[in-house]
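Please have the model open as you read.

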Amino acid sequence: PVRDERGTRRPIPSDERDAMIEVNALLGGLPLALDVTGARVARTRMPWTQAVVMLRVDPLKADAVDLDPVTGHARSVQATFASSLTVLAGESELGAEAVAACVLLGAGRRIPRALIADILASDQWEVDGALEPALGLRLLTLDDDTIRIHELIAVVARAEALLDSAAGRAV
């Protein structure tokens, strides 16, 4: 059983339970990918069956980067990340630009929030507000003075940028 928004316990329908198991398999059990997907499902109130469809639909660019050659789950991780970036860009263009700046400055590092504001020629409070959707999507973490982006997010973002750049040259 799960609790709804009022705290009432309700059983999980079998098709949703099966979809949760399939999402786990599609994402290779990778904790960050599962966390990002779970955050998106919770935030949008998307059924897990729809999350399965989402993870299967956009394998377009995935073969170009092999994040996990042992399990081969790069496609699912990329699809999840691309989906999160699409949501973020729709909610906050400045937030998407801030995530991109963090990727360029280096994953795993603590990046001063004021530096991102300076790079984007924006007020720090405005950037902090724009980053709220990115926090909800689990793309980064914030502390008092710094932003930190996960290495996996940076790897996939760089791959997406390279693919977009290559596609632009090919056209």
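Contact here means heavy atoms within 4.5 Å. This is a predicted model, in which local features need pLDDT of at least 70 and side-chain atom pairs count only at pLDDT 80 or more, while totals for chains, interfaces and linings use all residues. Residues are numbered from 1 along each chain as its sequence is written, and side-chain values use heavy atoms, with hydrogens and water left out.

Let's begin with R113, which belongs to helix α6 (residues 113–119); helices (H or I, at least four residues) and strands (E, at least two) are DSSP runs, numbered from the N terminus. R113 is buried, at a relative accessible area of 12%, where buried means under 20% (1.4 Å probe, protein chains only). Beyond its neighbours within four places in sequence, R113 is in contact with Q124, D128, L142, D143, D144, D145, T146 and I147.

The table gives two polar contacts (N or O atoms within 3.5 Å, one able to donate a hydrogen and the other to accept it; residues adjacent in sequence count only if both atoms are side-chain atoms).

| Side chain | Backbone oxygen | Distance |
|---|---|---|
| R113 | D143 | 2.4 Å |
| R113 | D144 | 3.1 Å |

Now for the sheet: three strands form an open, antiparallel arrangement in the order β3-β5-β4. β3 (111–112) and β4 (140–142) are at the edges with a single partner strand each, so one side of each has no neighbour in the sheet. Strands pair if DSSP finds at least two bridges between them; β3 and β5 (residues 146–149) have two, in the antiparallel sense. In this pairing, P112 stands opposite T146 in β5.

Definitions and conventions:
Buried < 20%, exposed > 50% of the residue type's maximum accessible area, 1.4 Å probe, protein only.
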